Structure formats: structure tokens, C-alpha cells
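Student: Hi, could you walk me through this structure? I'd like the overall picture and then some details.
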Amino acid sequence: MKHTILVSGGYGQLGFELERLAPALSAFEFIFTDRDTLDITDPGAVAKAFEQHKPAFFINCAAYTAVDKAETDRELALAINATAVGIIATSCQKHNTKLIHISTDYVFNGKGTSPYQPDDAAEPLNYYGETKYQGEQLAMKHNPDTVIIRTAWVYSEHGNNFVKTMLRLMGERQELNVVNDQVGSPTYAKDLAAAILHIVNAVHTGEKTFQPGYYHYSNTGVISWFDFATAIKEIGQKSCEVKGIPSSAYPTPAARPGYSVMDTHKIQQVYGVALVPWRPSLETCIHRLQSN
Ligand SMILES: NC(=O)c1ccc[n+]([C@@H]2O[C@H](COP(=O)([O-])OP(=O)(O)OC[C@H]3O[C@@H](n4cnc5c(N)ncnc54)[C@H](OP(=O)(O)O)[C@@H]3O)[C@@H](O)[C@H]2O)c1
């Protein structure tokens, strides 16, 4: 009998890429859910899904990801990013389900000068980061058998993200201002999905043991949003002029970290996950977008 993997938030950027890659893991039956089929804030619905599917793994891709809106839409952001994670973790504990939960670089204060380690102290700068941090803690409290993967700057062909926004604006405008004093590492959702499935498969085949704890995954390389936009322009063959500006010239409701770089070596060392440089992945994404 196939083991089941239950995925929440299945139609978000990450969930969508997991669904594309899932057929390669034929040992598992994947069940992809969205808010309509499994609202993770509904304890009854979560309990029922676990009773019905008895999943070997639960991959939580569902989240409230509107960073600026979270500053005012606090109740809902907290319910999805924190309380619901506790609900999921409680069911995982009850059913002996391994939980893979996705979190964010925004748990850190962004004032670092060297890559954040998985065990570095959290100090979120904005409310979204605060809710994600609380979610991490609830996951670990209710189910210590949890792998938390923090990621950053996620983009894909699907959904809303910086790459798609830049390509659209570069087609509409002659000039774009992009902040050049916030640095980090982009993450192609397809690479993150492949990393998660690598872990699941390595544990399933016995090649690796399931080692709970905090991990970081992004593509490798450190760039600013301005660098990222410039690469998008080059790869996308746009003629729009991209100008670098300081964050002070682009105020946002939620504060943004100046330094978002995470050390990703642990996930490679523990699970053998391949680390992928950011630029070839960006090329793949843009070529796929432009060939559609
Ligand atoms: N995007 C980034 O740059 C970024 C950076 C760092 C970390 N992360 C983390 O990476 C993970 C995946 O992010 P993503 O970019 O794939 O996010 P996404 O595209 O916004 O997808 C999140 C999905 O969760 C769903 N969802 C929201 N509330 C739900 C609920 N109550 N029950 C079930 N599903 C619900 C959303 O559905 P609706 O569309 O119906 O709301 C959406 O499909 C998240 O944990 C996020 O916090 C993302």
C-alpha cells in the first residue's frame, strides 16, 4: 500500500511546484488540498483529513503571505500562520505523521552581517514574521517530530511574485526604481519543492533518517532586489531602465530586513539536498514564462 502525503496550500507557488514534481515519487499517494478542501484554521476539518488519510507526511505550504496586509489584518494572519500550525502539529503527533512546515527568513531581524544559521535567535521585524515565528514554536511544541524549512524571496511561474511583477512592469514602463540596500537570496519554488521531495524520498528509502529541527533553503548567491531586477531585465530581454534606490525612498507598511541571507549548508549536510545557484533557476523560470 502506498504511503500518503497530505499537502496544504496546494495551489500556492510551492504547492503548485510540488504537484508538478510529485509523479516522480511513485511510492507515495499525494493529496493536494486548498483552502476550500482543507482550511487549516478549521480544527474539525484538519482532524477529519488526518482520520481519513492517515498521512505519513504532512507538508504545510498554506500561509498568509501578504506581508504588508498582515500589519492590519492581524487576526487572520495569526490564525493561518500560527494557530493553524499548532492544530496541524497536534494531529501529526496523534497520527505519527512527519511534519514538514515552511517558514521564512522574516523571523530574523535583518540586521546581520553574516548568513543566519538555523539556530540563530529570532527577532521578527514585522507582524508577518511574528506570526511565522509563533507558527514555528507551535509546530515544535505540539509535534517535536517536525522539520521546519525557512525560505526566502520565493518566485515561480505561478501566482504573484517579484519576477512576474517586474516582467509586467518592465513591459509597461520605461523606468523602474528598485531598492538596492536590501540583500538576500532568491528561491525558485521548483527548487524548494525538489528539496522537500528529496528529503521525503531519502527518509522513505532509509537513505537518511528523519532529523527534526530547523533548516534553511534558498538558492545560493547573495544579491539585492536591484540586482535581481537587473537580471530579470537581462534574461527577459526588456529595455526598461532599472534604477537603484534606498529603502528610505520606498516606504512600506511592514518593515523589511536589510540583510536576509541564510546559511543553507545544514539541509545539504543532513539530507544531501543539492544547493542550486540563483541565476540558472531564474533563467529557467523566465524561459518557461515566456514560452507560454
Ligand atoms: N512567497 C515568498 O516570498 C516567501 C518567502 C519566505 C517564506 N515563504 C513561505 O513559503 C511557504 C509557501 O509560500 P508560497 O509563496 O507558496 O505562498 P502562496 O503562493 O501565497 O500560497 C499560500 C497558499 O496558502 C493558501 N491558504 C491561505 N490560507 C489558507 C487556509 N486557511 N487553509 C488552506 N490554505 C490556505 C493560499 O490560498 P488562497 O490563495 O486561497 O489564500 C495559497 O494558495 C509559506 O509558508 C510562506 O510563508 C514564502
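Tutor: Happy to. Helices (H or I, at least four residues) and strands (E, at least two) are DSSP runs, numbered from the N terminus. By that count the protein has 9 helices and 12 strands. This is a predicted model, where local features need pLDDT of at least 70 and side-chain atom pairs count only at pLDDT 80 or more, while totals for chains, interfaces and linings use all residues. Residues are numbered from 1 along each chain as its sequence is written, and side-chain values use heavy atoms, with hydrogens and water left out.

Student: Thanks. What is the radius of gyration, and what would a compact globule have?
Tutor: The protein has 19 Å, which agrees with the value near 19 Å for a compact globule of 292 residues. The radius is taken over C-alpha atoms, and the globule rule is 2.2 Å times the number of residues to the power 0.38. Along the principal axes, the C-alpha atoms fill a box of roughly 55 × 40 × 35 Å.

Student: What share of the residues is buried?
Tutor: Buried residues make up 51% of the 292. Here buried means under 20% relative accessible area, exposed over 50%, and partly exposed in between (1.4 Å probe, protein chains only).

Student: Which residues have the most contacts inside the largest nonpolar core?
Tutor: Those are Val163, Met166, Met170, Phe228, Ile232 and Leu282, in a core of 32 residues. A nonpolar core is a set of buried Ala, Val, Leu, Ile, Met, Phe, Trp, Tyr and Cys residues joined through side-chain atoms within 4.5 Å. Two or more residues come from each of α5, β7 (175–179), α7, β12 (241–245) and α9. The element that gives the most is α7, with 6 residues. Apart from this core lies another, of 31 residues, among them Leu25, Phe30, Ile100 and Ile267.

Student: And what does Met170 touch?
Tutor: Leaving out residues up to four places away in sequence, Met170 touches Leu176, Ala229, Ile232, Lys233, Lys238, Cys240 and Val242. Contact means heavy atoms within 4.5 Å.

Student: Switching topic: how many salt bridges are there?
Tutor: The structure holds 12. A salt bridge is a side-chain nitrogen of Lys or Arg within 4 Å of a carboxyl oxygen of Asp or Glu.

Student: Which residue does Glu234 pair with?
Tutor: Glu234 forms a salt bridge with Arg279, with the closest N and O atoms 3.0 Å apart. Glu234 lies in helix α7 (residues 225–236) and Arg279 in helix α9 (residues 278–291), so the pair ties together parts that are 45 residues apart in sequence. Glu234 is partly exposed at 45% relative accessible area, and Arg279 is partly exposed at 30%. There is also a network, in which salt bridges that share partners join Glu17, Arg20, Glu157 and Arg288.

Student: How far apart in the helix are Arg168 and Glu172?
Tutor: They are 4 residues apart, about one turn, and both lie in α5 (residues 162–172). Arg168 counts as partly exposed at 46% relative accessibility, whereas Glu172 counts as exposed at 54%.

Student: Last one: where does α3 bend?
Tutor: At Ile80, by about 35 degrees. The bend is the angle between axes fitted to the seven residues ending there and the seven starting there. After α3 comes Asn96, whose phi is positive, near 60 degrees.
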